[in-house]
Amino acid sequence: AAEQAAAREAEDRRETDEKFAEIGNHVYGDILTENPEVAVSAFGPHRVVTDRWKGMNPQQLEEIRQQQKQQMEENKRLRMKEAQIDAEWDQQRTLAARAAMALEQQEVEEEKRLRQELDRYNNQLAKEQLAQTQANIIGGWGDRTYPPASETNAIAKP
């Protein structure tokens, strides 16, 4: 019985030592210490084995943050440049609209001037026609504006 107790005690001690060794292997092993070399894929260093990868180290995270900051600054610069271009286009459109309005105003004024000139000319013609009509009445032709046929024939005959 003493032998069996000593064997059991040796077996318990061996099991306890194995459990401590297993716990030590886990605690100091690559998985729990998050050794990044464990996650490197056999297909290349740019790929990782996802079930072993524990995330990025602080240096990698800082590099990503720096890249994001650069991208944000670049996007801000591009937005500002685009806003400046839009403002320039708006200014060009405004200037073009003003020029078109000025040209239209000039056309309206020219049309008005031509209309007034035509009205004056028509008034002058009307006065001349009235004077001619009155001269014909005074000259004895009556209502007619042309001389009678007998007078025209007498003028035409030598």
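Tutor: A residue is called buried under 20% relative accessible area, exposed over 50%, and partly exposed in between (1.4 Å probe, protein chains only). The model is predicted, so that definition is applied with confidence limits: local features need pLDDT of at least 70, side-chain atom pairs count only at pLDDT 80 or more, and totals for chains, interfaces and linings use all residues. Residues are numbered from 1 along each chain as its sequence is written, and side-chain values use heavy atoms, with hydrogens and water left out.

Student: How many of the residues of the protein chain count as buried, as a percentage?

Tutor: Of its 158 residues, 4% count as buried. The protein chain exposes about 14,600 Å², of which carbon and sulfur atoms supply 54%; accessible areas come from the Shrake-Rupley method with a 1.4 Å probe, and for residues only the protein chains shown count as cover.

Student: Which elements does the protein chain contain, and in what order do they run?

Tutor: Helices (H or I, at least four residues) and strands (E, at least two) are DSSP runs, numbered from the N terminus. Here there are 3 helices and 2 strands, and from the N terminus on they run α-β-β-α-α.

Student: How many salt bridges does a search of the whole structure find?

Tutor: In general, side chains of opposite charge can pair when their charged atoms come close. A salt bridge is a side-chain nitrogen of Lys or Arg within 4 Å of a carboxyl oxygen of Asp or Glu. The search finds 7 salt bridges.

Student: Where do Arg14 and Glu11 lie, and how far apart are they along the helix?

Tutor: Both belong to helix H1 (residues 2-28), 3 residues apart, about one turn of the helix.

Student: Which residues form salt bridges with Arg113?

Tutor: Glu110 is one partner, with the closest N and O atoms 2.5 Å apart. Arg113 and Glu110 are 3 residues apart in helix H2 (residues 58-138), so about one helical turn separates them. Glu117 also meets Arg113 in a salt bridge (3.1 Å, N to O); these two residues lie 4 residues apart in helix H2, about one turn of the helix.

Student: Are Arg113, Glu110 and Glu117 buried or partly exposed?

Tutor: Arg113 is partly exposed, with a relative accessible area of 37%. Glu110 is partly exposed at 35%, and Glu117 is partly exposed at 40%. Elsewhere, salt bridges that share partners join Glu11, Arg14 and Glu18 into one network.
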